[in-house]
Amino acid sequence: MSVLRLLPGNMQKRALMSLSYDESIHYDTTCEDGDKNSPFLSKTGMAKLEEVFVDCGAFHYSKLSTPKFLNGGFVRSSTTIDEWKKRHMSRNIDAQYLICSPDHIIHSDLSEEEVIARREFTRISAKSFLQLTSKFDNVTPIAVVHGRNIEERTSETEFMIGLGYKYIAFGGLVPLARDPKKVLHQIAGIEPLAEGDNLIIKPESPLGMLKKNGIKSHMFGLNSPEWYRWWKRLGVDSFDGSKLSQEGAANGIIWKVNQS
């Protein structure tokens, strides 16, 4: 069943979905699935989705040299739009959509040649994706920035800002999840942390540039309670991950029924 059923009604209207997964269960707003005796499940069905963030699923083809959807076909700007229209727009024409431009994850194990190829794929996709999505009034295009260090992420952020994106996401952070110092330095230019430090986002850092230009930010894959706190402190606009929804909500340790 859809994990949205475990969330309070006022939180069911917004969701992030990947093109790597079957999204159909999230559009079934009836209350036929799940444990009918559970106090956590709505007895009137789910709220209709009003805003959907669509991710092209780069995590699942990160080991492929050529990006491909899990259900077949090559990942391109045009095919990403086609998949969104077929799998989301056709089910909910009234929703607002935030859609990620196709990207290819860059990590430290890649050769320099592979890094260059993936960076070029992401840049070319971002340019054409911006043009294709301009035809839709209910779509906000999101560019994705990757990099192995703050210098690479800064360069890619500058490129995406130059294209005209108003919403930029940072990917490739999951392998660094247990190293907050590295993540915060790459994203916000924050130096190694010490107890009581006054944490300042460097204006020339990737996140600093977004704030200076009034551009929204998204963080991929990090939403444990600790990362939740960090993103709130830094004024990040949105973030995603499975910790809160799957582990927290499913085990009843985050969302509780108000008995009053």
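Visitor: Is Arg 148 buried, partly exposed or exposed?
Guide: This is a predicted model, so the value is computed. Buried means under 20% relative accessible area, and exposed means over 50%. Arg 148 has 26% relative accessibility, so Arg 148 counts as partly exposed.

Visitor: Which residues do salt bridges with shared partners join into one network with Glu 112 and Arg 148?
Guide: Salt bridges that share partners make one network here. Besides Glu 112 and Arg 148, the network holds Arg 119, Arg 123, Glu 152 and Glu 156.

Visitor: How many salt bridges does the count come to?
Guide: The rule asks for a side-chain nitrogen of Lys or Arg within 4 Å of a carboxyl oxygen of Asp or Glu. By this rule the count comes to 14.

Visitor: How many residues apart in sequence are the parts that Glu 23 and Arg 87 tie together?
Guide: Glu 23 forms a salt bridge with Arg 87, with the closest N and O atoms 2.9 Å apart. Glu 23 is buried at 5% relative accessibility, and Arg 87 is buried at 9%. Glu 23 sits in the loop between strand 1 (14-18) and strand 2 (51-55), and Arg 87 in helix 1 (residues 77-89), so the parts are apart in sequence by 64 residues.

Visitor: Is Asp 94 buried or exposed?
Guide: Asp 94 forms a salt bridge with Lys 48, with the closest N and O atoms 3.6 Å apart. The pair links distant parts of the chain: Asp 94 is in the loop between helix 1 and strand 3 (96-100), and Lys 48 is in the loop between strand 1 and strand 2. At 58% relative accessibility, Asp 94 counts as exposed.

Visitor: Is helix 4 roughly parallel or roughly antiparallel to helix 6?
Guide: The axes of helix 4 (residues 180-188) and helix 6 (residues 225-234) come within 13 Å and cross at roughly 25°. Angles under 35 degrees count as roughly parallel. Therefore helix 4 and helix 6 are roughly parallel.

Visitor: Which class do the seven residues in the contact of helix 4 with helix 6 belong to?
Guide: From helix 4 come Pro 180, Val 183 and Leu 184. They meet Trp 227, Trp 230, Trp 231 and Leu 234 in helix 6. The contact has no polar and no charged residues; the seven are nonpolar.

How values were computed:
Residues are numbered from 1 along each chain as its sequence is written. This is a predicted model: local features need pLDDT of at least 70, side-chain atom pairs count only at pLDDT 80 or more; totals for chains, interfaces and linings use all residues. Side-chain values use heavy atoms; hydrogens and water are left out. Axes are lines fitted to C-alpha atoms, for helices over the stretch in contact, and angles run from 0 to 180 degrees between N-to-C directions. Helices (H or I, at least four residues) and strands (E, at least two) are DSSP runs, numbered from the N terminus. Angles under 35 degrees count as roughly parallel, over 145 as roughly antiparallel, 65 to 115 as roughly perpendicular and the rest as oblique. Contact means heavy atoms within 4.5 Å. Ala, Val, Leu, Ile, Met, Phe, Trp, Tyr, Cys and Pro count as nonpolar, Asp, Glu, Lys and Arg as charged, and the others, Gly among them, as polar. Buried means under 20% relative accessible area, exposed over 50%, partly exposed in between (1.4 Å probe, protein chains only).
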